[in-house]
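This briefing is meant for a reader who is meeting the structure for the first time. Please look over the sequence and the model before turning to the points that follow.

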Amino acid sequence: MRILADLTYIHLSDEYSGVAISSYRMLPALHEVAQDIEILGLVNPADQEMIRSHFPWMDIVPIRLRSFHKIKNLDAWLNRRTLDKIIADNAVDIFFLPHFSDRCIWSGVVPNVAVMHDAQGFKIGPNKARLLLYKVFIRLHARHIDHVVTISESARADIVEHLPRFSDRISVISQSLPVREYSYDDVAEGYRPYILSVNTLLEYKGPLTIIKAFRSIKDDIPHKLLLKGLPTAYSKGVLKPYIAREGLQDRVLILDKKFTPDQMDALYRGASLFVSASTMEGFGFTPLEASLRGIPVLCADIPTIRETSLSLLHYYSPAGDDALLAAEIKKLLSSPPDMTEVAGILTEHYSPRRQALLYSSLFHKVYGQ
């Protein structure tokens with residue numbers, strides 16, 4: 001069986017985005033465990049060397065995508081003939097979209113299997129026009145997807161609510177979370193001791209709740225608070241002004257530069273406590289990333305996090321209660337739990353091999369239909 005994986009959504013500018021990292025983990029594991037599946041990668045010409053560095057074993061197929069100005073929502077129709085010719089020329093059996101979005105491409109000649117991480121695009125967008133475009137085009141693209149994969153039961157229910165056509169052709173396959181071989185990096189040395197939060201710096205992710213909680217206990221603990229996330233309008237217009245206004249610049253630091261995987265690994269390992277106050281997640285990678293490294297984790301008690309963490313972490317509710325969060329932070333810092341057993345359970349549950357075997361079974365099922 002030959003599968004063409006759409007990697008055109010990965011660019012040099014966002015090489016280590018969350019959706020890119022999920023492909024870096026899954027595809028090599030599938031290549032290793034499924035000897036009867038050959039994986040080809042569809043890439044933008046400008047990014048093919050970068051993609052090749054992540055998948056040296058993969059045959060790379062470049063495609064120069066045509067776009068109508070900046071309206072990438074039309075790319076599927078503008079490039080369908082070119083894509084279908086590539087599929088025919090390479091005897092492809094399934095077109096695989098690791099990142100299904102309102103700007104994706106799809107084939108008209110072979111089954112399309114797509115990963116839809118969550119349905120947050122129906123609720124959150126940079127503006128009303130972008131939100132409307134998402135709702136219109138994701139529904140149009142959904143007509144051409146033969147099977148969709150999502151990453152949690154919570155995400156599945158959310159997706160089916162918005163896209164009921166997927167109700168009988170959607171599978172849940174959790175992401176894999178391999179723990180990196182420890183490679184020393186000094187990125188965390190100047191910050192210790194610190195509390196860490198890694199998430200998108202948007203309001204619904206709760207970074208202001210965490211800062212307010214920290215402010216109320218800062219005189220009782222020696223720790224700094226590190227918020228890791230790329231710059232956003234919210235971080236520039238709300239978070240940084242609040243930090244300055246409250247005189248927290250020496251204790252609350254926003255790390256908004258790009259970090260390498262080794263730097264992120266060191267940042268996680270150096271933390272005394274990991275905190276998430278997010279009110280909505282499709283999966284919740286970062287609390288799991290921390291817990292796999294044996295770091296105590298405290299999360300807002302929301303259904304997705306409960307599910308994906310197997311109820312093994314520490315939780316507080318409601319998510320926006322900064323006073324309660326502050327009390328829980330102090331409690332865990334004063335008496336840190338041993339995370340050894342939790343890390344072992346989660347490592348096994350989110351192993352790349354387990355995920356790859358489930359994908360292999362799904363591809364064979366779709367291919368045989």
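Glu289 is buried, with a relative accessible area of 9%, where buried means under 20% relative accessible area, exposed means over 50%, and partly exposed lies in between (1.4 Å probe, protein chains only). The model is predicted, so local features need pLDDT of at least 70 and side-chain atom pairs count only at pLDDT 80 or more, while totals for chains, interfaces and linings use all residues. Residues are numbered from 1 along each chain as its sequence is written, and side-chain values use heavy atoms, with hydrogens and water left out.

**Salt bridges**

- The whole structure holds 18 salt bridges, each being a side-chain nitrogen of Lys or Arg within 4 Å of a carboxyl oxygen of Asp or Glu.
- Arg25 is buried, at a relative accessible area of 16%.
- Arg2 and Glu38 also meet through their side chains in a salt bridge, at 2.6 Å from N to O, and this pair links distant parts of the chain, with Arg2 in strand 1 (residues 2-6) and Glu38 in strand 2 (residues 38-43), 36 residues apart.
- Arg2 is partly exposed at 23% relative accessible area, and Glu38 is likewise partly exposed at 32%.
- Asp256 and Lys240 form a further salt bridge, at 3.1 Å from N to O; Asp256 counts as buried at 15% relative accessibility, whereas Lys240 counts as partly exposed at 38%.
- Through salt bridges that share partners, Arg25, Asp265, Arg269, Glu289 and Arg293 are joined into one network.

**Overall form**

- The protein chain contains 14 helices and 13 strands, which are DSSP runs numbered from the N terminus (helices H or I, at least four residues; strands E, at least two).
- The radius of gyration of the protein chain is 21 Å, which agrees with the value near 21 Å for a compact globule of 369 residues; this radius is taken over C-alpha atoms, and the globule rule is 2.2 Å times the number of residues to the power 0.38.
- Along the principal axes, the C-alpha atoms fill a box of roughly 65 × 45 × 40 Å.

**Burial and contacts**

- Of the 369 residues in the protein chain, 53% count as buried.
- Among contacts (heavy atoms within 4.5 Å) with a separation of 6 or more, 69% come from residues 24 or more positions apart.
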